[in-house]
Amino acid sequence: MKNVRIVPSHPAFLEEQAPPIPRFEREDYATRLDLLRARMRADSLSHAVVTADREHFANMDYLIGFEPRFEQALLIVDVQGPLTLLVGNENLSYSNVSPIEMRRVLYQNFSLQGQPRESLRPLRDIFTEAGIGAAASVGVIGFKYVEASYCLGDPDEVFDIPAYILHELKSAGPARVRSVTRYMTGMPDGIRMTLRTAKEVAWAEAMACRATRVIQKLLKNLKPGIGELELSGNGGVDFMPTTAFPMLNFGPEHISTGLRSPTDNPLRVGDPCGIAYAIRGSLIARVGLAAYGEDTLRPEYAGAVDGFLKTFWQAIAAWYESLHVGASAGTVYDSVMDLIGGPEFGVTLNPGHYIGGDEWVNSPFYKGSTLHFESSVHLQCDIIVSSANPVMTGICEDGVIVADEDLRRRVAAEYPEVWSRIVARQALMRDVLGIAIQRDVLPLGNLNGVYHPYMLDTGRVFAAR
C-alpha cells in the first residue's frame, strides 16, 4: 500500500489544451467495413444489419461516419456487394456526411411521429431489394449482446433491436437470422475493442483534451455560493456531440442521486461536489469535497480526506500502475478492490471499462477476469466509491490507451505533437503524482490521476511518496 500525501500541484494540471481533431476519411471507414466483412465471411453470413438511434449510435458511426439525429437508422452490409442505409425524413440529407458510397433509402417509419408517411414502403420489400431472401444468412448488430449464463436459450437468438424490425427482417425469408453484436463490442476481440492506427490514438487524445479542458475551467471557477447552472456556464463548452448528460452537483442531496443534471442549487463550503463532462471518446469527472482544507469541511466529513478519499486515490494509483500490454484485467481488478472492496466504500460497478464513440463500450474489469490486454486498447479509469452516511462520493475519471511498441512508434512518427504531450503527461504522473505508470500506458489528458483532496484548493493534489 502506498503512502499518500498531499503535495503542491503543478501548473500543467490546469493547462487547457485543444489540439486539432483528426478527421476520418473514406479509406478509414472502408478498412473498418472490411474487418466486419471478414467476420461475416468466417461465419458464412451474407448480410449484416446494423441498427442505430440517437442513444445507441456508436457501431454505425464507427463503420460509416454517420449516426441518426432524432430518428432511427438501419445499415445493411452485403458481404460482397453495396451498402444500403435506411433513414427517416430528416436524416436523408444529413446521411451525406458519410464519405462512404452507399444506396440511401427513405423509410419513413424511422421518422418522428406525425411526420409525413406518404412515401412509406414495406420494410420487408426493402430487405428483399438489398438481397435478403431465402438464400441469405443474416447477422444482426444492435446495442448489447448477452452471455449464455444470463439468458434462456441460445444467446445468438436474443436480439435487442425493435421487434417490428426483426419481424420484417424474418418475413423477408432469410435462411437464418442471428445476433452478432459481439462482432463489434465483444471481448476480447470485438472490432471496436482495438485501436489499429495512429490516427485513432490522435483522435482519442484530441477528444480527451477537449473534455478535460471543460473540467479544468470548471475547477478554476468553483467557488462558494456559485450555482450549479452558473458554474456550468463557465465550462467553455463547444457544440460537439456529447455521449452522456453533463453532470454538476452540489450538496448531499444532489450528490446522492448521481446522474443528476445541474439546477440553480448553490455550493456551500464543506459540501460534497461533483462535475462530469463527456464528448465522443472521453468522459472526465471529479467528485469529492468542496473545501479549502480540513478546517472548512462540514463536521460530518471530519477525517474523510485522510481515510476515505486517500484510500480511494490509492486505488486510482493502483489501477494505473497495474496496466500494461499483456496485463490481466482480473489482476487490475484485484489491485483496486484489495483497497476499496470493503462495504464502507460502496463500490457497485466495474473499476474501469472500454471507451470509444460511446461512453461505456464494455468492461473486462471484474472478479476472476482472465482477459488480457494483448493489443492496443482505449480504456477509462472509472472507479466510484460512495458512502451513504454521511453522503460522500469519490470519482477521478479519465481515459488512457494501452499501446504496444509498434503503435507507440507509429504515433510518434505520424503525430509527433500528440506523442510529445503524452510523454510529458507520463513524466508528470511519475514525478509529481508518484504513479509509476509503464511506458505503454498513454495518458490522454492533463488531469489523468490528478485529484484535489479539497476541491476549492486546486494548488494541492494527492501523491504517492
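**Close-up 1. E129 and its salt-bridge partner R103.** In this predicted model, E129 is partly exposed, with a relative accessible area of 45%. The side chain of E129 meets that of R103 in a salt bridge, with a distance of 2.7 Å from N to O. E129 belongs to helix α4, which covers residues 123–129, while R103 belongs to strand β5, which covers residues 103–106, so the pair ties together parts that are 26 residues apart in sequence. R103 also counts as partly exposed, at 33% relative accessibility.

**Close-up 2. The salt bridge between R69 and E67.** The closest N and O atoms of R69 and E67 are 2.5 Å apart, and the two residues form a salt bridge. R69 is partly exposed, with a relative accessible area of 30%, whereas E67 is buried, its relative accessible area being 3%. E67 is placed in the buried class because that class takes in residues under 20% relative accessible area.

**Close-up 3. The salt bridge between R460 and D457.** Here R460 forms a salt bridge with D457, and the closest N and O atoms of this pair lie 2.7 Å apart. With a relative accessibility of 28%, R460 counts as partly exposed.

**Close-up 4. A network that includes D43, D156, R176 and R178.** These four residues, D43, D156, R176 and R178, are linked to one another in a network of salt bridges. For the model as a whole, the count comes to 24 salt bridges.

Definitions and conventions
Residues are numbered from 1 along each chain as its sequence is written. This is a predicted model: local features need pLDDT of at least 70, side-chain atom pairs count only at pLDDT 80 or more; totals for chains, interfaces and linings use all residues. Side-chain values use heavy atoms; hydrogens and water are left out. Buried means under 20% relative accessible area, exposed over 50%, partly exposed in between (1.4 Å probe, protein chains only). Helices (H or I, at least four residues) and strands (E, at least two) are DSSP runs, numbered from the N terminus.
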